[in-house]
Amino acid sequence: MSAAASTKQKDGGFPPQIPYIIGNEACERFSFYGMRNILTAFLVSHLLVDVVASDREAAAKEIFHIFVMGVYFFPLLGGWLADRFLGKYRTIFWLSLLYCVGHLCLALFESQKAGFYLGLFLIALGSGGIKPCVSSFVGDQFDQSNKAKARVVFDIFYWAINFGSFFASLLIPLILQHYGPSWAFGVPGLLMALATLVFWLGRKQYRVTPPAPSDPHSFMRVVYSALFRSQGPRSGTVLAFIGVLLAVVSVLCWPFLGVVAAICLALVVLMLFGGIGAWIQLDQARALHPAEAVEGVRAVLRVLVIFGLVTPFWSLFDQKASTWILQARVMELPGWSWLTSASQMQALNPLLVVLLIPFNNILLYPFLARHGIVFSPLRRMTFGIALSGVSWVVVGAFQLALDSGAQLSILWQVLPYIILTLAEVFVSATGLEFAYSQAPTRMKGVIMSFWSLSVTIGSLWVLLVNAGVKSEGLTQAVSAGGISVTAFQMFFFAGFAFVAAAAFGLYVKRYPVADHYLKV
């Protein structure tokens with residue numbers, strides 16, 4: 001890091017290297033959302049034309065959510081590589097190059113499934129792998145002298161994500177319509193190459209935290225000691241073994257769930273039972289590890305409960321790019337020259353985020369503070385999860401109208417987009433900074449990976465629900481109730497969010513908030 005950058009940080013100013021990271025993120029998000037937001041429509045109208053028409057939309061939705069699961073699963077790998085071997089800078093740079101190759105595959109193999117799926121895999125690996133590193137890399141540029149500005153920069157960071165996403169959501173569907181898939185996937189690839197270049201240009205100014213050496217008191221070693229090396233009651237170990245058995249059963253269900261969903265379900269079961277078991281026996285690890293390490297693991301386990309309770313929000317949020325698009329495809333377009341595709345409705349989400357983040361920080365939060373209302377990060381997240389459920393009640397009402405034969409304009413979807421985007425700002429933008437602040441220094445990359453993993457689990461719930469509604473008995477029961485399966489799913493997910501919001505609100509009332517920003 002340059003002397004100028006160091007001086008500014010000591011004075012409590014903004015680090016001069018931040019614009020490079022923000023510029024990189026804006027371009028990378030353009031590339032990612034550009035391809036992601038046309039993926040469902042492309043699969044239905046191009047790549048899956050050999051699939052029976054009645055099954056094509058369900059197949060496209062399944063591929064989309066498997067891709068999303070991959071994007072938010074690979075942060076585990078990226079966080080591990082960054083924390084233990086490469087460091088955040090080199091992990092971001094090298095995985096970004098793989099990311100670029102993935103975009104190239106999409107552009108070259110738009111009519112060949114094997115090549116196209118390879119491209120999706122490389123993008124999931126690259127995008128997912130750099131995800132925890134970029135956000136925690138932002139936090140690494142700050143210390144105790146200017147950590148208050150970090151909260152502002154995390155909002156700017158999230159603003160940049162949506163700035164790139166807005167233009168991608170608006171323009172790439174038009175390119176797909178007028179110039180075809182090769183250009184529609186090629187342009188995002190060019191933006192990813194630009195993102196990599198911008199990030200590389202700032203290499204001499206970054207504050208780089210080296211990877212941590214092998215730690216005998218790491219998170220996983222303390223958990224292992226608590227479960228398998230401790231002396232005393234073994235109820236936690238029994239729970240962990242039950243989790244292993246249930247995980248094996250989950251994997252064996254792959255013919256019904258699909259390979260990816262079965263593996264992810266097995267991982268969730270292992271984490272749930274292993275985490276509970278470790279919590280029960282954690283104090284028994286004090287004989288083998290210092291108190292600081294044991295308490296650090298306890299803090300991480302508390303955070304993981306929060307992440308787990310956020311997963312229903314993601315199951316609702318990410319379906320705006322699948323279920324909501326499929327609904328929009330049967331709604332009427334307004335006839336405007338620039339709005340010619342259902343996929344373009346997704347541009348509303350980043351546009352609203354760009355407007356709502358400044359509104360919240362400049363007007364809403366100060367207004368509430370002046371009136372003695374403390375709208376803490378955890379309260380915002382609770383409210384946001386509940387709001388996401390409200391948005392799905394609205395789209396469910398639209399689906400009932402469409403199922404009854406009503407003709408609805410696509411512009412009716414503006415209302416649920418507003419509600420869902422407000423929920424996103426309360427949950428996602430807030431959770432990003434909250435996750436960093438709660439992470440012990442040596443585990444920031446990994447705990448940010450778990451934040452991303454909550455999105456994977458959100459998509460897992462979608463796949464499990466979709467698999468469930470394929471049951472003939474459930475389908476008949478829903479039809480007997482006088483509504484379509486699609487409408488039933490929408491109201492089911494709304495109820496899922498309301499239950500999650502209630503559980504989240506009860507849990508965070510007793511959550512001890514930590515402060516793990518870097519020391520000066």
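Analyst: Let us begin with a term: a residue is called buried under 20% relative accessible area, exposed over 50%, and partly exposed in between. The model shown is predicted. Glu295, with a relative accessible area of 33%, is therefore partly exposed.

User: Which residue does Glu295 meet in a salt bridge?

Analyst: A salt bridge is counted when a side-chain nitrogen of Lys or Arg lies within 4 Å of a carboxyl oxygen of Asp or Glu. The side chain of Glu295 meets that of Arg298, with an N to O distance of 3.3 Å. Both residues belong to helix H12 (residues 291–317), where they are 3 residues apart, about one turn of the helix. Arg298 is buried, because its relative accessible area is 10%.

User: Which residues are linked with Glu295 and Arg298 in a network of salt bridges?

Analyst: The network also includes Asp283 and Arg286. These two form a salt bridge whose closest N and O atoms are 3.2 Å apart. Asp283 has a relative accessibility of 45%, so it counts as partly exposed. Arg286, at 36%, is likewise partly exposed.

User: How many salt bridges does the rule give, and which pair links distant parts of the chain?

Analyst: The count comes to 9 salt bridges. One of them joins the side chains of Asp50 and Lys113, at 3.0 Å from N to O. This pair links distant parts of the chain, 63 residues apart: Asp50 is in the loop between helix H2 (18–47) and H3, and Lys113 is in helix H5 (residues 113–140). Asp50 is exposed, because its relative accessible area is 58%. Lys113 has 29% and is therefore partly exposed.

User: Which residues form the nonpolar patch on the surface?

Analyst: The patch is formed by Tyr224, Phe228, Phe241, Val244, Val248, Leu252 and Leu270, which together have about 670 Å² of accessible area. Helix H8 (219–229) and helix H9 (235–252) are the elements that give two or more residues to the patch. The largest share, 4 residues, comes from H9. Phe228 is found in helix H8, and at 35% relative accessibility this residue counts as partly exposed.

User: What is the volume of the second largest pocket, and which residues lie nearest its centre?

Analyst: The second largest pocket has a volume of about 640 Å³. Of the 25 residues that line this pocket, Glu57, Ala58, Lys61, Thr486 and Gln489 lie nearest its centre. The lining divides into 12 nonpolar, 8 polar and 5 charged residues. H3 gives the largest share of the lining, 7 residues. Helices that each supply at least two residues include H3 (53–73), H15 (377–403) and H19 (485–508).

Methods: Residues are numbered from 1 along each chain as its sequence is written. This is a predicted model: local features need pLDDT of at least 70, side-chain atom pairs count only at pLDDT 80 or more; totals for chains, interfaces and linings use all residues. Side-chain values use heavy atoms; hydrogens and water are left out. On a 1 Å grid over the protein atoms alone, a cavity is a set of points where a 1.4 Å probe fits but cannot get out, and a pocket is an open set with protein on both sides within 12 Å along at least five of seven lines; lining residues have an atom within 4 Å of a point. Grid points are joined across faces, edges and corners, and a volume is the space filled by probe spheres set on the points. Ala, Val, Leu, Ile, Met, Phe, Trp, Tyr, Cys and Pro count as nonpolar, Asp, Glu, Lys and Arg as charged, and the others, Gly among them, as polar. Patches are made of residues with over 30% relative accessible area and no salt bridge: like charges are joined within 9 Å, nonpolar side chains (Val, Leu, Ile, Met, Phe, Trp, Tyr) within 5 Å. Accessible areas come from the Shrake-Rupley method with a 1.4 Å probe; for residues, only the protein chains shown count as cover. Buried means under 20% relative accessible area, exposed over 50%, partly exposed in between (1.4 Å probe, protein chains only).
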